[in-house]
Structures are given as structure tokens and as C-alpha cells.
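Hi everyone, thanks for making time.

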Amino acid sequence: MAKDIEAAPPGGGYAAKDYSDPPPAPLFDAEELTKWSLYRAVIAEFVATLLFLYITVATVIGYKHQADPAGPNAADAACSGVGILGIAWAFGGMIFVLVYCTAGVSGGHINPAVTFGLFLARKVSLVRALLYIIAQCLGAICGVGLVKGFQSAFYVRYGGGANELSSGFSKGTGLAAEIIGTFVLVYTVFSATDPKRSARDSHVPVLAPLPIGFAVFMVHLATIPITGTGINPARSLGAAVIYNNEKAWDDHLLFQ
């Protein structure tokens, strides 16, 4: 593919950019704390993360119950349930849906790693980033709490949806898998929301939540066998807090 070079017009000079970069967000903006839009966005992040954890952790526990050799489907346990592919679709699909629903309210972060990356890029202020991360963590805890309440008979038995390093893998391998997976997700978020891409691809309708959801799906396919796939500190924290198992806490630093 030829290198994309912007040629100068015949009269000399260069045309103005066909896109505009938003100004960097202030590090601290006290006036932002007085705006309802900030608190509406924080509520959106809380609700979205709650729904994300509720659906995905319930999917994980439901699959483990259906595929349990000692369960009611023992005869065909190996073929029961949605499988790893279905779990990956649950995570990726929910991110697609929730980012689509909340993008216009909060930006659809639903992940402290995404919020922190956008803060470093000066896309959000420190105040907004901190409130988002708190809301995401609380939403994750509440979401997993709902799963435990609705599936109390199976929650502890099937691991509570908590992220743990699988046997046969070192902590270095697990950490590398999480770092690479998180990088893929955050890189996709930046690419999908790049104003330059939106301007150049304006003739092609691009739905930003779609590539973000697919990134989550693909990363889960690769890393579920290693760590269960975190790539979202709120997701890992919420499951660890409610499950409260020693193994989950021992491996917890891999996911933060």
C-alpha cells in the first residue's frame, strides 16, 4: 500500500485540516463539579458496569454449571453450555451494546484501564477520571453481588466468575497476557475514536462500539485459558470482592 502523503496544492501552501482535535481536558476543573452532565455520566458508568458484570459473570457461571461432569448434564457435559466462544461473545457483545448506549452520555468507558488511558491522553479531566473509576468499581461489585444473589446455589461452587491464573502458567505469563490484552483494547478505543479517522472515513459509516466490542471478543478468545481474561480492573475487582477467595486475591495484582 502506498504511503499516504498530503500533496501541496498548485498555489502553494497546504489546505486546512478537514478535522479538528478537541482541546486537551484540564487537569482539574472545579466548575465541572457543578455540572449535572458530570454526575449523569458517572451514573451511566455505574449502571453500565453493573449490567456488564451481571450478564458476563452469570454467563460464566451458567456455562460451568451446564458443563459440570457431576451436574445434571453429566451425560453430555463436554458438549453442554456456551463454551469459551460463547463466553467471549458475551463479553464482547455486552461491551458493544453498552458502549453504544452510553457513548453519548459518558463516553462509554466501562473500564478503569480505558479511563486511565484517556486521562493520560488529556481526553478527560482528573476529576472525571477519578469519579468514573470509583463508579465503575462500585458498579462491578454490585453487578457481581446480583449474580451471587440470583445464583446462590452455584456461585461459590463455580468460582464466582473471579479471575485466577490457570494451572500450568507462570505469573509472568499471566501478567504478559493481561498487558497485551489491555493494550489491544485501549489501542482500539483510541483508534475508533480518532477524529482524523472519522474525517477521512466519513464516506464509510463506522460504528465505534463495533471494533471495541470485537477487540474484547478476540482478547477473550486468546486469554481465557490463561487468566480467564481480566483486561478490566473493575471486572476483576468486583468478582474478587464478592467471591472473596484466597486464590483470587493471590492472583489479583495480575489484573490491576
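This is a predicted model: local features need pLDDT of at least 70, side-chain atom pairs count only at pLDDT 80 or more; totals for chains, interfaces and linings use all residues.

Residues are numbered from 1 along each chain as its sequence is written, and side-chain values use heavy atoms, with hydrogens and water left out.

Okay, the overall picture. The protein has nine helices and zero strands. Helices here are DSSP runs of H or I with at least four residues, strands are runs of E with at least two, and both are numbered from the N terminus. Of the 256 residues, 43% are buried. Buried means under 20% relative accessible area, exposed means over 50%, and partly exposed is in between, using a 1.4 Å probe and protein chains only. Now contacts, meaning heavy atoms within 4.5 Å: among those between residues at least 6 apart in sequence, 76% join residues at least 24 apart. The accessible surface comes to about 13,500 Å², and 66% of that belongs to carbon and sulfur atoms. Those areas come from the Shrake-Rupley method with a 1.4 Å probe, and for residues only the protein chains shown count as cover.

Next, helix 5, residues 171–192. Its 22 residues should span 32 Å at 1.5 Å a residue, and its end C-alpha atoms are 31 Å apart, which agrees. The expected span is 1.5 Å times one less than the number of residues. So which residues of helix 5 are buried? They are Gly174, Ala177, Glu178, Gly181, Leu185, Val186, Thr188, Val189 and Ala192. They sit on the same side of helix 5, because they cover an arc of only 155° around the axis; the arc is taken from the directions from the helix axis to the C-beta atoms. In general, an α-helix has 3.6 residues a turn, so residues three or four places apart point the same way. What covers that buried set includes helix 3 (112–120) and helix 7 (209–227). On the face turned away, you'll find the exposed residues Ile179, Ile180, Phe183 and Tyr187.

Helix 4, residues 126–150, has 25 residues and reaches 36 Å from its first C-alpha to its last, close to the 36 Å expected. Its buried residues, among them Arg128, Tyr132 and Cys137, pack against helix 1, helix 3 and helix 8 (233–243).

Helix 2 (83–102) and helix 7 each give two or more residues to the patch. Trp89 is in helix 2 and is partly exposed at 44% relative accessible area.

Most residues other than glycine have a negative phi. Ile110, in the loop between helix 2 and helix 3, has a positive phi of about 55°, and this residue is buried, with a relative accessible area of 0%. Ile231, in the loop between helix 7 and helix 8, has a positive phi near 45° and counts as buried at 5% relative accessibility.

That's my tour; happy to take questions.
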